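Grab a viewer and a pencil.

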Amino acid sequence: ESGCPEFYEMLRTQRITGTLTFVARNLEGRMETWAAGGGKYYQSTDIPGMGKQEEGSDGVISWDRSPAIGPRVKPRKNTTTLGVTLDAAGMIEWRVLIDQVRTEAEERIDDRDCYRVRLVPRDGSQDMIRWYDRNSGLLYRSALAVKTDMGALPMVMTFEEYRKVAEKSLSEVKWPSRIRITASGQDTVFAADEVKLNEPVDETVFAVPQEIKDLAQKKADAESAMP
């Protein structure tokens with residue numbers, strides 16, 4: 001089960017593909033996420049009428065790019081960058097990102113008996129609260145604040161379905177296959193159609209686009225020129 005600490009030690013790479021449905025607008029897009037050690041990740045979301053939105057990191061430069069905003073260099077990845085797919089890179093290197101983990105109480109959530117767990121990030125961002133199902137040990141709900149240009153956006157993620165992973169060494173592991181994300185009163189549902197763990201990942205997936213490299217260099221030059 002993906003709630004056990006031993007699992008995180010075995011997780012080396014991740015690739016997830018699926019659909020992202022904006023419930024109120026009945027709009028559906030495609031999402032793909034890759035992650036590996038060293039803080040490497042890449043996520044793309046292609047939504048009809050909105051174009052492709054991307055974000056990623058090669059472990060040194062973190063970035064995002066969209067038709068609306070264009071390319072940007074971001075601060076090094078924090079614990080809430082990849083909220084939708086269980087924070088893929090964060091799961092692989094969670095000990096680097098999380099300072100404290102505390103079980104606070106037992107609570108009943110949606111007719112489920114759960115343990116409420118608080119995670120304190122090392123980067124000073126807001127604490128995350130997670131509820132783990134007492135019977136299965138699986139994560140059922142997570143409450144966090146995602147950093148946006150408009151400030152911190154409260155988000156609740158409910159992990160409605162799990163499926164077993166095909167990779168042999170992780171044959172007993174269950175992975176979220178349907179996640180409901182609630183933010184600003186709107187529901188978005190991510191449904192995975194493929195989950196691959198610990199398979200070889202082409203490093204070019206994490207390559208930083210040249211226009212992002214140019215922005216990062218300009219930013220570095222400007223900072224070094226400051227008195």
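The exercises below go from the whole chain down to single residues.

This is a predicted model in which local features need pLDDT of at least 70 and side-chain atom pairs count only at pLDDT 80 or more, while totals for chains, interfaces and linings use all residues. Residues are numbered from 1 along each chain as its sequence is written, and side-chain values use heavy atoms, with hydrogens and water left out.

**Exercise 1. Trace how β11 pairs with β10 and with β12.**

Step 1: recall the rule, which is that two strands pair if DSSP finds at least two bridges between them.

Step 2: go to β10 (residues 139-148) and β11 (residues 151-164). They run antiparallel and are joined by eight bridges. The two form a hairpin with two residues between them, and Thr148 faces Gly151 across the pairing.

Step 3: move on to β12 (residues 174-183). Eight bridges tie β11 to β12, again antiparallel, with Arg163 opposite Trp175.

**Exercise 2. Find the aromatic pairs and classify them.**

Step 1: Rings of Phe, Tyr and Trp (its six-membered ring) pair if their centres lie within 6.5 Å; planes under 30 degrees apart are stacked, over 60 edge-to-face, and the rest tilted. The structure has two such pairs.

Step 2: take Trp34 and Tyr42. Their ring centres are 5.8 Å apart and the planes make 40 degrees, so this pair is tilted. Both residues are buried.

Step 3: take Tyr42 and Trp63. This pair is tilted as well, at 6.2 Å centre to centre and 35 degrees between the planes. It links distant parts of the chain, with Tyr42 in β3 (residues 40-47) and Trp63 in β5 (residues 62-66), 21 residues apart.

Step 4: Trp34, Tyr42 and Trp63 are linked into a cluster by ring pairs.

**Exercise 3. Which residues have the most contacts inside the largest nonpolar core, and which element gives it the largest share?**

Step 1: a nonpolar core is a set of buried Ala, Val, Leu, Ile, Met, Phe, Trp, Tyr and Cys residues joined through side-chain atoms within 4.5 Å.

Step 2: the largest one has 27 residues, and Met157, Trp175 and Phe190 have the most contacts inside it.

Step 3: elements giving two or more residues include β1 (13-22), β8 (112-121) and β9 (128-133). The largest share, four residues, comes from β13.

Step 4: apart from this core lies another, of nine residues, among them Tyr42, Ile61, Trp63 and Ile212.

**Exercise 4. Is Cys114 buried or exposed, and what does it touch?**

Step 1: locate Cys114 in strand β8.

Step 2: read its relative accessible area, which is 0%, so Cys114 is buried.

Step 3: list its contacts, not counting residues up to four places away in sequence. They include Ala105, Ile109, Trp131 and Tyr132.

**Exercise 5. Compare the backbone and the exposure of Asn26 and Asp111.**

Step 1: keep the background in mind. Most residues other than glycine have a negative phi.

Step 2: Asn26, in the loop between β1 and β2 (27-36), has a positive phi of about 55 degrees. At 69% relative accessibility, Asn26 is exposed.

Step 3: Asp111, in the loop between β7 (98-109) and β8, has a positive phi of about 65 degrees. Its relative accessible area of 67% makes Asp111 exposed.

Notes:
Buried < 20%, exposed > 50% of the residue type's maximum accessible area, 1.4 Å probe, protein only. Contact = heavy atoms within 4.5 Å.
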